[in-house]
Amino acid sequence: MDRHDKDVGGESAGSDAAPTGSDAVPTGPDAAPTGSGAASAPTGSAAASASADSGAAPAPTGSAAPAPAPADSGAAPARTGIAALSRRSQVVAALVLAVVVATVCVHVGMVFLHVAPSNTVSKEHGRTVDDWIYPEFEQNWKLFAPNPLQQNVAVQVRAQIRTADGTGRTTRWYDLSAQDGAAIDHNLLPSHTQQNELRRGWDFFVSTHDAQNRPTGLRGELSERYIRRMVLLRLHRHEPLARGEAFDQVQVRSRTTAVQPPEWSDEKINGKPVLRVLPWWSVTPGDLPLAGEDRARRDVAVAQNGGVR
Amino acid sequence: MISFDPLARGVQRVTAQALGPYQTAVVRIGFAATWLLFLLRELPHRRELYGPDGPWSWDMARQLISANDAFTALMWSDGRLWFEIVYFLAIVSSALLLVGWRTRTMSVLFMIGVLSLQNRSIFMGDGGDNVIHLMAIYLVFTRCGQVWSLDARRAARARAPQHDHGDRGSLGADGSRAVDDDLHADGGGRVGGGDRVGPALWWVLGLALSVVTFLGELSWFWLLLFWGMWVAHGLWWAAVRRAPDGEARVLLDVVANLAHNAALLVIMVEACLIYATAGWYKIQGSRWQDGTAVYYPLQLDYFSPWPELADLLTSHGVLVMLVTYGTVAVQVAFPFTLFNRRVKNVLLAVMIFEHAVIAVVLGLPFFSLAMIAADAVFLPTSFLRRLGRWVARTRERLLARVPRLSRAEVPQGPPGEEQPRDAAEPARVGFGA
């Protein structure tokens with residue numbers, strides 16, 4: 001419902017709570033162009049004539065030298081650029097130029113304010129900046145900044161399965177993050193399904209829930225459903241259901257372990273993992289992703305419609 | 001004209017030329033290739049990532065998107081077939097953008113593909129997706145097919161229908177360089193006579209756009225952009241047809257050049273902002289200050305595909321500190337080095353190398369490729385031309401080994417290169433001071 005809360009397409013490795021202290025952010029925007037754009041080589045006056053190897057009206061051009069005549073047509077300096085236009089067209093071109101310049105300035109300014117720390121200007125005009133930036137120009141370049149993540153977060157899951165005879169069984173805990181890690185090991189091309197899906201999904205969940213694991217708003221509820229669907233997809237790969245069986249409930253927990261400091265450092269940290277255990281969630285048919293899992297979907301449906309109560 | 005003051009000369013310059021043809025071409029090729037490779041790599045996982053029944057289901061995406069109005073064609077229908085079509089079109093458009101076939105049109109379709117998939121499942125992406133997302137939008141406004149494209153080759157042929165390859169030197173500094181127009185509508189101008197494909201493509205896309213408009217799926221911004229593009233193509237075609245050197249054509253050319261140069265500038269600024277942000281925020285972090293930061297990502301399960309290599313790299317505290325400080329220094333310094341061509345090129349090489357290392361060591365190949373593609377906008381023209389010649393030579397050598405028969409099937413060799421004809425090339429100062 002409101003733009004501030006749109007999600008980052010970017011890496012969320014860094015915390016959003018960046019120290020506000022840096023007024024030192026460079027004035028990148030102005031620096032860039034001057035250095036490179038302006039200085040680019042004259043693109044060869046010959047080239048300019050390219051499109052117009054015209055016999056017609058050799059108008060003078062701004063590009064300095066007269067173009068070397070193309071061999072095949074015997075003439076004509078280029079007719080390009082604003083100098084080659086009639087008065088009336090020049091007015092049009094000037095207007096376009098003004099619009100383009102204004103747009104570039106505004107855009108660059110907005111992007112700058114968006115990526116810069118919250119400051120005098122962006123506090124005052126935050127709304128305007130957001131209106132311009134979201135949704136398509138959102139960006140987050142705090143790559144491993146201000147500090148790189150220093151803990152491994154493992155998301156683990158177990159399920160209660162309702163069996164055909166009406167009793168239930170509980171699976172063991174599956175460490176889905178460890179599975180991701182194993183899939184990434186010695187992999188030159190890790191998939192987003194291995195590297196981002198669960199990691200960012202869990203970030204999303206954490207950022208939309210309070211310490212008591214209660215969702216904050218619509219996004220919180222969406223993130224719960226997302227996690228549920230994700231873990232069920234994975235579970236189903238590891239716990240093939242027998243006929244008549246169905247997932248009844250799932251439970252998710254996270255296990256956070258601090259990365260040990262390097263051996264050449266004399267730092268000491270507490271290496272004890274921290275557990276965050278979520279309550280059991282009931283599984284509904286809508287929680288089973290990918291149509292490939294049709295069977296599971298049907299199984300849940302059967303169970304819920306009282307097939308096995 | 002000589003009495004022009006600097007401002008007027010500058011205005012003439014940005015209206016007469018689409019600057020940095022090689023740079024924009026390499027950026028186009030870089031991002032198209034990155035996205036294409038990504039889509040192919042994720043082919044087996046496409047439904048899990050973006051499909052209507054993936055963990056982030058169509059319905060959930062709709063709830064989120066209704067709050068932020070992000071553009072995605074995947075929201076137009078929850079059908080699985082539609083999803084497959086969009087994914088397929090995204091692959092095709094990246095491939096065609098890569099080779100520069102109807103470049104402008106493909107750049108629009110490429111952007112549609114990128115936005116559709118990424119906005120559909122926002123939580124699947126990372127920094128690499130983010131930079132592709134932005135550049136896909138910016139590329140639409142550039143004339144990125146001036147060189148190293150099928151369009152450039154077609155235009156060069158239409159312009160110079162001589163049969164032997166001998167006298168290309170006269171074609172201007174280098175033939176393809178001269179291809180300043182947008183060729184999608186009508187590459188050959190009057191020379192080739194009838195380009196059928198361009199107009200056909202134009203009609204088909206116009207029809208598709210009408211349907212989408214009629215369905216009411218597009219917000220005013222996108223309507224304006226897409227219809228604007230469509231109309232501009234029509235105007236261009238008409239102007240070229242009526243009077244290739246006429247006023248209308250020159251005016252359209254001026255507008256296109258302005259848009260191109262502005263977009264090129266924005267691309268460069270964006271790259272600088274990325275580095276500046278990444279650098280300046282790092283300075284504030286205690287780990288970047290105490291010189292251990294580089295050690296930590298390499299210990300994360302999600303970013304350590306080669307634990308042995310990571311251990312080796314981080315076994316020396318001093319080395320880690322140097323890399324840590326060096327990374328920050330390079331990122332912070334980069335925008336300012338643009339004022340000095342030599343220093344800039346050195347830093348550029350360092351950054352490209354660092355990204356290549358990151359690709360492997362942190363297991364972020366597509367992120368790294370995207371960043372390298374963005375860096376490429378700052379490569380000097382002389383280097384790019386050398387690269388182009390080298391690629392062309394390699395290609396010719398490879399083709400020479402291929403038996404005649406299959407050679408005929410590859411129409412005159414793959415596209416990337418139209419260049420290497422700089423016998424008559426004026427000494428070129430590089431791009432960037």
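## Buried and exposed residues

A residue counts as buried when its relative accessible area is under 20%, and as exposed when that area is over 50%. The model discussed here is predicted. Phe144(A) has a relative accessibility of 11%, so Phe144(A) counts as buried. Ser122(A), with a relative accessible area of 12%, is buried as well. Asp69(B), at 59%, is exposed.

## The loop between H5 and E1 in chain A

Phe144(A) sits in the loop that joins H5 to E1 in chain A. The phi angle of Phe144(A) is near 55°, which is positive although the residue is not glycine. Most residues other than glycine have a negative phi, and most peptide bonds are trans.

The bond from Ala145(A) to Pro146(A) is cis, with omega near -5°.

## Ser122 in chain A

Where is Ser122(A) placed? Ser122(A) belongs to helix H4 of chain A, which covers residues 120–124. Leaving aside residues up to four places away in sequence, Ser122(A) touches Leu113(A) and Pro117(A).

## Two packed helices in chain A

In chain A, helix H8 (residues 197–207) packs against helix H9 (residues 217–238) at an angle of about 150°, and their axes are 9 Å apart. Angles over 145 degrees count as roughly antiparallel, so H8(A) is roughly antiparallel to H9(A). The two helices cross in a left-handed sense.

On the H8(A) side, the contact is made by Glu197(A), Leu198(A), Gly201(A), Trp202(A), Phe204(A) and Phe205(A). H9(A) contributes Arg219(A), Leu222(A), Ser223(A), Glu224(A), Tyr226(A), Ile227(A), Met230(A) and Arg234(A). Sorted by class, the residues in this contact are eight nonpolar, two polar and four charged.

## Chain B as a whole

Chain B contains 19 helices and zero strands. The chain has 433 residues, of which 58% count as buried. Its accessible surface is about 17000 Å², and carbon and sulfur atoms account for 69% of that area.

Among contacts with a separation of 6 or more, 78% are between residues 24 or more positions apart.

Helix H8 of chain B, residues 150–159, is mostly covered, with eight of its ten residues buried. The buried residues of H8(B) are Leu150(B), Asp151(B), Ala152(B), Arg153(B), Ala155(B), Ala156(B), Ala158(B) and Arg159(B).

Why is helix H17 of chain B described as largely enclosed by the rest of the structure? Nine of the eleven residues in H17(B) (residues 365–375) are buried, so the helix is largely enclosed. Those residues are Pro365(B), Phe366(B), Phe367(B), Ser368(B), Ala370(B), Met371(B), Ala373(B), Ala374(B) and Asp375(B). Their cover includes four helices of chain B: H2 (21–41), H7 (127–139), H12 (247–283) and H16 (341–361).

## Asp69 in chain B

Asp69(B) lies in the loop between helix H4 (58–68) and helix H5 (80–99) of chain B. The phi angle of Asp69(B) is near 60°, a positive value in a residue that is not glycine.

Technical notes
Residues numbered from 1 in each chain as written. Chains lettered and ligands numbered in written order. Predicted model: local features only at pLDDT ≥ 70, side-chain atom pairs only at ≥ 80, totals over all residues. Heavy atoms only, no water. Axes fitted to C-alpha atoms, helices over the stretch in contact; angles between N-to-C directions. Parallel < 35°, antiparallel > 145°, perpendicular 65-115°, else oblique. Left-handed = near helix turned anticlockwise from the far one by under 90°. Contact = heavy atoms within 4.5 Å. Nonpolar A, V, L, I, M, F, W, Y, C, P; charged D, E, K, R; others polar. Buried < 20%, exposed > 50% of the residue type's maximum accessible area, 1.4 Å probe, protein only. Areas by Shrake-Rupley, 256 points an atom, 1.4 Å probe, with all protein chains shown as cover.
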